[in-house]
Amino acid sequence: MRGRPAVGLPKGVARRLATTVVGLAAATAGAAQDAAPEPAVWQLELHSKRHSDALRLAVFDRDAWDEVAPRRGRNLVYIDDGLRLSRRQGAWTWAAVARSSATLVAGEAALRLAADVATGRQPATDLATDVDLRLRGFSGAGLAFGRTHAPAAGWQLQWEVQALALGRWIERRLAGDVRYQAADARYGFALQSLELDNRLDFPFRLGYARRGAGLLLAGSLAWDGQGAWARAGLHDGGWLRWRGVPQQDAVLNTSTQAVDADGFLIYRPLIEGQNRQTGRTRSQPWRGTLAAGATLRDGQRLGLHLDHVPQFGWLPALGWQRPAAVPGGLSLGARWQVHERRLGLTLDWRGFTLRAGADRLDGQARSRELALSYASAF
């Protein structure tokens, strides 16, 4: 009996098919390897930045009005302290944060006048001073999450949301004018004060929420090209909310005399005001950053940085960076903060980053920065 002929592929076709199957298997294995999740990178960061135009930092927390020596024009005081533990995997970042931030903006004449009044000094000549003092501050802890996007080659977009439980919230606005007559050593005040402070006390104050809430946003866009780079960003914009937080509106006016319709003198209180404890929601003004510069052939970067402080303006800085020659190697950086007159140095090595800066190294320092962080993949 004759058997049926074997059915098979031509040898050339079989070889091509085998080659294709092997190639597909290799590509599938590579895709599976590429699809494996990236290791999570944990980072711990601690930073503190403090600056005062009018007072040295050594007496910053004391009632040292006799040492107040403001700069010409508007003066700036700020505090920015923070602790952050973050986990980054892929494009997403989650973090636990604790932070404290405060900014004070005031004019030179107003600060000198406040120091004279507090210490009992008598100005030598007549004065007429416009006062405009603004203080904003908060502290709290909470969670943050954000994401990184790469919309095109050389471009990077980042955003982050912070949700905070507030332990402190303070805002103060003092505006008006003050006059001084040297002939009879008498001051004349016409000031309006607006104050919000969860530690504010006054008669018949009611209970209020133990903590407030904050929702703060941040975003940045970065571009890296051949020979140049640029950055732009906004941060700390959002809302603060506190139920029943104490508030006080007051007017200080030394012109207390008035005349009624019959011509009789009426004496009004020197300070008139109103205390309130309504729930308060305030929008936080955005802080901005702009930076751009050149990238040299060896990878070094030079740049101009601008940080915008609400109610004050732009703070310029000049920066330099030298990257590590090998991954995990030593990289260096330096930045000169023009307004603060502060020189900062940065050292990065094997996941450790140290940044330190000051305007001077003795007890007369008015500007100081210290930051330490460590990042590692697990």
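Guide: A cavity is a set of points where a 1.4 Å probe fits but cannot get out, and its lining residues have an atom within 4 Å of such a point. Keep in mind that the structure above is a predicted model.

Visitor: With that in hand, how many cavities of 30 Å³ or more does the structure hold?

Guide: There is one cavity of 30 Å³ or more. The space inside the largest cavity comes to about 200 Å³.

Visitor: Which residues should I pick out around the largest cavity?

Guide: Its lining has 17 residues, and those nearest its centre are Thr 103, Arg 136, Gln 284, Pro 285 and Arg 287. Sorted by class, the lining contains seven nonpolar, five polar and five charged residues.

Visitor: Which element gives the most to that lining?

Guide: Strand β4 does, with five residues. At least two residues each come from β3, β4, β5 and β8 (228-242).

Visitor: β4 and β5 keep coming up. How many bridges join β4 to β5?

Guide: β4 and β5 run antiparallel and are joined by 23 bridges. As a landmark, Thr 148 has Gln 158 in β5 as its bridge partner. The two strands form a hairpin with five residues between them, and Gly 154 in the turn has a positive phi of about 85°.

Visitor: And how many residues lie between β5 and β6 in their hairpin?

Guide: Four residues lie between them, and Ala 185 in that turn has a positive phi of about 50°. β5 and β6 run antiparallel with 12 bridges, and Leu 174 is partnered with Ser 193 in β6. β5 also runs antiparallel to strand β7 (residues 212-224), again over 12 bridges, with Ala 163 standing opposite Leu 215.

Visitor: What pairs with strand β20 (residues 367-377)?

Guide: Strand β1 (residues 41-52) pairs with β20 in the antiparallel sense over 11 bridges, and Ser 48 has Leu 370 as its bridge partner there. Strand β19 (residues 352-358) is also antiparallel to β20, joined by seven bridges. In that pairing, Ala 358 stands opposite Arg 368.

Visitor: Let's finish with one residue. Why is Arg 276 classed as partly exposed?

Guide: Relative accessible area under 20% counts as buried and over 50% as exposed, with partly exposed in between. Arg 276 has a relative accessible area of 21%, so it is partly exposed. This residue lies in strand β12 (residues 271-276).

Visitor: Which residues is Arg 276 in contact with, leaving aside neighbours within four places in sequence?

Guide: Phe 202, Val 245, Pro 246, Gln 247 and Asp 249. With Asp 249, the side chains make a polar contact at 2.9 Å. Also, Arg 276 and Leu 206 are 70 residues apart in sequence, with their C-alpha atoms 9.7 Å apart in space.

Key:
Residues numbered from 1 in each chain as written. Predicted model: local features only at pLDDT ≥ 70, side-chain atom pairs only at ≥ 80, totals over all residues. Heavy atoms only, no water. Buried < 20%, exposed > 50% of the residue type's maximum accessible area, 1.4 Å probe, protein only. Contact = heavy atoms within 4.5 Å. Polar contact = N/O pair within 3.5 Å; in protein donor to acceptor, adjacent residues only side chain to side chain. Pairing = 2+ DSSP bridges. 1 Å grid on protein atoms, 1.4 Å probe; cavity = no way out; pocket = protein on both sides within 12 Å on 5 of 7 lines; lining within 4 Å. Points joined across faces, edges and corners; volume = space filled by probe spheres on them. Nonpolar A, V, L, I, M, F, W, Y, C, P; charged D, E, K, R; others polar.
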